[in-house]
Amino acid sequence: MIDFYLNGTNHLIKVMNGIKKKRVPNIFTHKFVKEITESESTYDRDYKELFQKLGLIDSHSNPTEHYYQYTQDETNKILTKRIKEAYSELFDMSNNADKLGVNKVAERLKIINAAENIDDKTTIKIAETFLALCRYAENSSTPDENNNNEDKEKPDNIVYENNMFNLDDIKELSTESNVNLFVNLQLPETQDEEIYEKIFKAYKKIYKK
């Protein structure tokens with residue numbers, strides 16, 4: 001069963017970077033997380049359970065050997081290993097689970113948690129937490145907090161000469177060499193080929209690798 005998650009991942013990078021910079025606490029508490037995030041968000045309480053599932057703290061909230069190892073790890077190999085273990089059921093189903101989109105991960109989680117009464121909204125949060133952890137572990141040891149994609153607004157529509165088409169519902173990002181995009185385009189009703197040319201040039205520019 002995989003039922004642990006963060007209600008919001010906006011502070012994930014700050015927390016994961018912050019515990020490397022701060023002295024290891026005797027007990028991992030919400031107060032300690034607040035000192036890192038400088039926030040009063042109640043969502044930060046979720047890190048305690050998450051860290052327990054990752055094996056970074058024990059059932060009494062004491063930092064484990066894995067926690068100490070993580071704080072000294074500049075490559076995030078320790079965190080990657082902890083993720084692989086905590087989400088082993090997911091990786092057993094898909095070796096590249098960390099490369100799947102949130103909906104694909106959620107589909108697999110529904111199978112794993114079939115015996116549990118977990119609603120769709122919670123399943124999505126579990127998937128988002130998993131993918132956010134994987135992105136952090138893979139990108140760099142201390143990624144730029146300003147690069148947190150969840151804090152950035154992505155364009156979802158473009159308007160040309162009072163005609164609109166939507167770019168939405170990107171279902172899955174696979175490996176870097178094999179990216180699958182599922183896009184719904186609402187094209188204007190026009191015989192002007194120049195309009196279509198502008199639309200597809202804009203699409204290519206936005207989603208160019």
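Guide: A residue is called buried when its relative accessible area is under 20%. By that criterion, buried residues make up 38% of the 209 residues in the chain, and please keep in mind that this is a predicted model.

Visitor: What makes up the chain in terms of helices and strands, and how do the elements run from the N terminus on?
Guide: The chain has 9 helices and 2 strands, and from the N terminus on they run α-α-α-α-α-α-α-α-β-β-α. Among contacts between residues at least 6 apart in sequence, 56% join residues at least 24 apart.

Visitor: Why are α5 and α8 called roughly antiparallel to each other?
Guide: The axes of helix α5, residues 77-86, and helix α8, residues 120-139, come within 9 Å and cross at roughly 155°. Angles over 145 degrees count as roughly antiparallel, and α5 and α8 are therefore given that description. Their crossing is left-handed.

Visitor: Which residues of α5 and α8 meet, and what is the contact like by class?
Guide: From α5 come Leu 79, Thr 80 and Ile 83, which meet Phe 130, Leu 133, Cys 134, Tyr 136 and Ala 137 of α8. By class, this contact has 7 nonpolar residues, 1 polar residue and no charged ones.

Visitor: Why is α1 called roughly perpendicular to α2?
Guide: The axes of α1 and α2 come within 9 Å and cross at roughly 100°. The range for roughly perpendicular is 65 to 115 degrees, so α1 is roughly perpendicular to α2. The contact is made by Lys 14, Val 15, Gly 18 and Ile 19 on the α1 side, and by Phe 32, Val 33, Ile 36 and Thr 37 on the α2 side. Sorted by class, the contact of α1 with α2 has 5 nonpolar, 2 polar and 1 charged residues.

Visitor: Which residues touch the most other members of the largest nonpolar core, and where does the largest share of this core come from?
Guide: Of its 42 residues, Phe 51, Ile 83, Tyr 87 and Phe 130 touch the most other members. The elements that give two or more residues to this core include α1, α5 and α8, and the largest share, 9 residues, comes from α8. As for Ile 83, and leaving aside residues up to four places away in sequence, this residue touches Leu 54, Phe 91, Phe 130, Leu 133, Cys 134 and Ala 137.

Visitor: How do you know whether Leu 79 is buried or exposed?
Guide: Leu 79, which is found in helix α5, has a relative accessibility of 0%, and therefore counts as buried. Not counting residues up to four places away in sequence, Leu 79 touches Met 16, Leu 54, Tyr 70, Asp 73, Tyr 136 and Ala 137. The C-alpha atoms of Leu 79 and Leu 133 are separated by 8.7 Å, although these residues are 54 apart along the chain.

Visitor: Why is Lys 53 called partly exposed?
Guide: Partly exposed covers the values between the 20% limit for buried and the 50% limit for exposed, and Lys 53 is therefore placed there by its relative accessible area of 40%. Lys 53 lies in helix α3 and touches Asp 3, Phe 4 and Ala 86, not counting residues up to four places away in sequence.

Visitor: What is noted about phi at Glu 38 and Asn 76, and are these residues buried or exposed?
Guide: Most residues other than glycine have a negative phi. Glu 38 has a positive phi of about 55° although it is not a glycine, and Asn 76 likewise has a positive phi, of about 65°. Glu 38, in the loop between α2 and α3, counts as exposed because its relative accessibility is 69%. Asn 76, in the loop between α4 and α5, counts as buried because its relative accessibility is 0%.

Notes:
Residues numbered from 1 in each chain as written. Predicted model: local features only at pLDDT ≥ 70, side-chain atom pairs only at ≥ 80, totals over all residues. Heavy atoms only, no water. Axes fitted to C-alpha atoms, helices over the stretch in contact; angles between N-to-C directions. Helix = DSSP H or I, 4+ residues; strand = E, 2+ residues; numbered from the N terminus. Parallel < 35°, antiparallel > 145°, perpendicular 65-115°, else oblique. Left-handed = near helix turned anticlockwise from the far one by under 90°. Contact = heavy atoms within 4.5 Å. Nonpolar A, V, L, I, M, F, W, Y, C, P; charged D, E, K, R; others polar. Core = buried A, V, L, I, M, F, W, Y, C linked by side-chain atoms within 4.5 Å. Buried < 20%, exposed > 50% of the residue type's maximum accessible area, 1.4 Å probe, protein only.
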